[in-house]
Amino acid sequence: MHYYPSDRWFDGSNQQWESKVIDDGYFFAVDGKRNTKAEWEASIQAFQRPEALFGGPENPHAQCRFPARFSLIKSLLSEQGITIKFPTIDCPGYQRWKKKVNGQRATLVFASSYLNSPSSMFGHTFLRFDAKDVGQQSELLSYALNFGAVVEKGESSMLYAYKGLAGGYSGYFAIMPYYEKIKEYSKMENRSLWEYPLDLTVTEVDALLAHVWELRNIAFTYFFFDENCSYRLLELLEVAKPGVELTETFRVHAIPIDTVRVLEDNRLLGDSVYRASASDKLLSNAKGLSKDEIMQVKALAEGTLAAESVHSLAILNVAYQYLQFTLVKKQRDPLLAKRRLALLRAINKRSKITPDYSPVKPVRPAAPQVSHRSQMVAVRAGEFESSAFVDVEFRASYHDLLDPIDGYLKGGSINMGRVVLRQYEGRALDLEHIDFIDINSLSPQNALHQPMTWRVNVGVDRVYSDDVDNGLALQVNGGGGVSIEPAVDWLVYGLAEGRAEYLLDGSGMANVGGGVRSGVMHYGAVGTASVELSAMRFLQGVVRVKLTFAQNVVITTNSSVRVNYQYWENQFSEGEFEKRSSVNIGYRYHY
Amino acid sequence: MKRVILSAVLMSLSMTASAVAPGGPDCGWGNMVFEGQGGMGSHFVAMTTNGTSGNKTFGMTSGTNGCSTSGKLTYGGDAIVNLSGVLDEFIADSARGEGEALTAVAVSMGIAPDDRAIFADAVHDNFDAIFAHADVTAEDVMASLVEVMKSNQVLAKYVS
């Protein structure tokens, strides 16, 4: 709970300890963050004082500011058989807050990823506190508890990424109505929400809230990978359920979905509820419409068709959803407000005539926690030209385009820390490939939604050419384009791309090129398959063409077999060319 | 650079007692329908990053930060949902006569589970009266809603 080295009896040793809280307001002793002995003694003294320690009209007494710490100390003292008399203090502010939150049950909410938002791709978790009879009520009125970094307005996402990794932000807990979170995730960011009721008793939720109250306006150092939203929530749940060990496995990084899995493994989660994003609702509802009807939807949204003239509730509903979707991030416009009201009036009128209409709801996808795990190792055997090789691969995170798709988004992938080592027959083990970062966002366009397709890759790979020695090159490549979904489970994409590389063979050679990449993906019953062709012309005149075919065969959620065929062709300006090919088969295991 | 913590307009819990006017300043009762998020200004900041919208206060007085629960727009003086926070959802649900926001408003007005269908029907039937024009504010909507409820045999008891 960040006060002392452990929540057991503190004997004054363990001077090396330092609290994760960076806020002085959290400690009673001046150097309480590090000086655990002083903090321990100062807190007991503060709880003993008859008068307020903190100023202000609210929560004047230390017992009211730190109710969870007070009860911890009382129970530790009684365990030791030590009697210290504490004054009885009323805490009206704390009581009022608890009454307002009205939390008798707690729910874990997982915000899944959205294709065009790379920082969303790891997901996000927060807690929700529900009234006892929330089923009869409305979850909209519940309160959500979120841990997040406080970001300067206008900060670029690159800076965000850097500071997030380096611990340059302060993290805070914040409480807000759940409907604000729905707006943020479902409507603004098009992310679906998964709600998991937590197996906590009313008493346990109460203990949790007592600690949450202590953490208000208290700053933590925020680290994107380890000490993030999900890690802090696990800590809180450990407070609620003493004896349950949740954070132990997340010393290096805490990917939100992995923290959901830990809770499931500890049997703390009930059956999940799926809350589709606004865009998913729009698209599933629009799928039932014909091309002509979609034209009417657009005409209604553009104002070229009067709402009163349309009789179909389905069309009117999609048109309203579509307008809502396109305007959600825009400033209010009086003309568009009139158009939206006209649509709702028409919906109102028609729904009185045909009361049994209901929109086509999105199909509930595979729940996130049943998706494959986020780390991976693979072994491969193959042939490059006529040399046999064996590969060993490790990937710290997370999901590539061909990995088992359940619980992930089609066309979306994000990988960090992928290393491939290769040994050719009769030769030493050598580095083959590194991805520092590899993101694909093949987001299909349709009549109502035209997101961009893009990809970026930074790492070390091999340039295959007679001109280079070993071909190992530090490189960055990426580009933008368009994807479409010509049929269910098919994805076709095309991108314009650039690449810059620096050869690591000591030659000091650097190269810049531009070109195109296009491919087809199929999400089949056995697994995902892809065919991809790329061609890139470099400043020196060489054109590199690469053709890839790959089929992933899913064995279980966490294991698959993958077959790969690659063909490279280098075309030189003199009309000469060289070609190479490679085929391999490998086993991949996610853990 | 201005911090994206919304705390400038969000009062902490301690302010509950100090509110005078319905809603209070920056509460959003003046927000019009179809405000979207773009119009929320300091109330809401669009972030694409993970959990970084930085409301670091624990402000929660009436459902939306900064709003008081005292004044003529509350019923029972307790935990009424701030309509402005769900206004866009409420108007859409009202048009169809069903939905989560409609239920949320019913709950926050203390309407018993058995009477909620009647409330939904009343709102559905009187859509044009409650949402008289495209520039109605949350306050207007609440006032019209009260009128509709007053003239309903079952619902009148909740607003008297």
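**Close-up views of a predicted model**

**View 1. Helix α8 of chain A and its buried residues.** In α8(A), the buried residues are Cys229(A), Ser230(A), Tyr231(A), Arg232(A), Leu233(A), Leu234(A), Glu235(A), Leu236(A), Leu237(A), Glu238(A), Val239(A) and Ala240(A). The helix is thus shown as mostly covered, with twelve of its twelve residues buried. The model is predicted.

**View 2. The largest nonpolar core.** This core has 81 residues, and those touching the most other members are Leu108(A), Leu127(A), Phe129(A), Leu198(A), Leu236(A) and Leu263(A). Helix α8 (residues 229–240) of chain A gives the most to this core, contributing seven residues. Leaving aside residues up to four places away in sequence, Leu198(A) is in contact with Ala106(A), Thr107(A), Leu108(A), Leu127(A), Leu237(A), Leu263(A), Leu268(A) and Leu269(A). Another core, of 72 residues, lies apart from the largest one; among its members are Tyr178(A), Leu313(A), Val318(A) and Leu87(B).

**View 3. Aromatic rings around Tyr26(A) and Phe66(A).** Over all chains there are 24 aromatic pairs. In the pair of Tyr26(A) and Phe66(A), the ring centres are 5.5 Å apart and the planes stand at 80 degrees, so the pair is edge-to-face. Tyr26(A) belongs to the segment before α1 (36–48) of chain A, while Phe66(A) is in the loop between α2 (62–65) and α3 (67–79) of chain A, so the pair ties together parts 40 residues apart in sequence. Both Tyr26(A) and Phe66(A) are buried. One aromatic cluster is formed by Tyr26(A), Phe27(A), Phe28(A), Phe47(A), Phe66(A), Phe70(A) and Phe86(A). Two arginines lie over ring faces here: Arg65(A) over Phe66(A), at 5.0 Å from the ring centre, and Arg69(A) over Tyr26(A), at 5.6 Å from the ring centre.

**View 4. A residue pair within helix α4 of chain A.** Tyr94(A) and Trp97(A) are three residues apart in helix α4 (residues 92–101) of chain A, about one turn of the helix. Tyr94(A) is buried, as is Trp97(A).

**View 5. Asp435(A) in strand β11.** Strand β11 (residues 429–441) of chain A holds Asp435(A). Asp435(A) counts as buried because its relative accessibility is 3%. Its side chain and that of His433(A) are joined by a polar contact of 3.0 Å. Not counting residues up to four places away in sequence, Asp435(A) touches Met416(A), Gly417(A), Arg418(A), Asn457(A), Val458(A) and Gly459(A).

How values were computed: Residues numbered from 1 in each chain as written. Chains lettered and ligands numbered in written order. Predicted model: local features only at pLDDT ≥ 70, side-chain atom pairs only at ≥ 80, totals over all residues. Heavy atoms only, no water. Helix = DSSP H or I, 4+ residues; strand = E, 2+ residues; numbered from the N terminus. Buried < 20%, exposed > 50% of the residue type's maximum accessible area, 1.4 Å probe, protein only. Polar contact = N/O pair within 3.5 Å; in protein donor to acceptor, adjacent residues only side chain to side chain. Contact = heavy atoms within 4.5 Å. Core = buried A, V, L, I, M, F, W, Y, C linked by side-chain atoms within 4.5 Å. Phe/Tyr/Trp six-rings, centres within 6.5 Å; stacked < 30°, edge-to-face > 60°. Lys NZ or Arg CZ within 6 Å of the ring centre and 35° of its normal.
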